[in-house]
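Let us go through this model by question and answer.

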Amino acid sequence: MEKKRGLYFLSVAAICVSLALIVGATYALYTDSATINNHLQSGSLNLTLKRTYLIQKSLNQSGYIEAKNDDSIVDFSAPTSQNVFGVTSETLIAPCSSLAATMEITNHSDVAFIWWLEIKFDSIHSGQALAKQLLVTVTTYDENDAPIETCFMLKELLKDDHMIGSAMSPIGESAVNSAAQKFIVKVDFINNSLINNFAQDQTAYFDLVVYAVQKVSQN
């Protein structure tokens, strides 16, 4: 995940007033002076990205596809070795397997921001046959909490990464102290009897990138 930083300024004036009294032989003159120290402090753009729910349908030790649900919260805001789908070196998938992670974005900033997503596919190190059978579905939600699904086969990203939203058309907007916003990333291993065998013993790699940029105006 990538974090963008935005700046804005708070002006804090600390005023110190000194009063000097000058006494002469025949007159008294009062003078004063004011000193203003301006402190400019930058705000920060800081979001947290957490997985709040996971559904993993993978092969069990007996070779059957078994569904496992995990409602533990995993924070992906900082660098971590954990996979967003809970995949380890022992996790194996087969046709009809699926992995679905529910993610939440929370604004812990001093500024409002807009956000969008990108799927970056590592076509160099991934098995092409497996990529042809992996359907990626990203579910986002509009301002009325209605789901919006974006679906594509991982093979479609052999040349270009896939943007879901953009700076000009963001997925969501998050003000300071606003509620967390969620999205779901799901991968389905499509069952295709004609090409299933070609995907055996292959691995696919892709990254999920969350972009956030400060929004200056409510308009």
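Q: How many salt bridges does the structure hold?
A: This is a predicted model, where local features need pLDDT of at least 70, side-chain atom pairs count only at pLDDT 80 or more, and totals for chains, interfaces and linings use all residues. Residues are numbered from 1 along each chain as its sequence is written, and side-chain values use heavy atoms, with hydrogens and water left out. A salt bridge is a side-chain nitrogen of Lys or Arg within 4 Å of a carboxyl oxygen of Asp or Glu. The number of salt bridges held by the structure is 4.

Q: Which strands hold Arg51 and Asp70?
A: The side chains of Arg51 and Asp70 meet in a salt bridge, 3.5 Å from N to O. Strands are DSSP runs (E, at least two residues), numbered from the N terminus. The two residues are 19 apart in sequence, so the pair ties together separate parts: Arg51 lies in strand β3, and Asp70 in strand β4.

Q: Is Arg51 buried or exposed?
A: Buried means under 20% relative accessible area, exposed over 50%, and partly exposed in between (1.4 Å probe, protein chains only). Asp70 has 27%, and is therefore partly exposed. Arg51 has 3%, so Arg51 is buried.

Q: How far apart are the closest N and O atoms of Glu173 and Lys215?
A: Glu173 lies in strand β11 and Lys215 in the segment after β13, 42 residues apart. Glu173 is partly exposed, with a relative accessible area of 42%. In the salt bridge with Lys215, the closest N and O atoms are apart by 2.7 Å.

Q: Which element gives the largest share of the lining of the largest pocket?
A: A pocket is an open set of points on a 1 Å grid over the protein atoms alone, where a 1.4 Å probe fits, with protein on both sides within 12 Å along at least five of seven lines; lining residues have an atom within 4 Å of a point. The largest pocket holds about 1,200 Å³ of space, a volume being the space filled by probe spheres set on the points. Among the elements that give two or more residues to its lining are β3 and β6. The largest share, 4 residues, comes from β13.

Q: How many residues line the second largest pocket?
A: About 440 Å³ of space lies in the second largest pocket. Among the residues nearest its centre are Tyr141, Asp142 and Glu143. The number of lining residues is 19.
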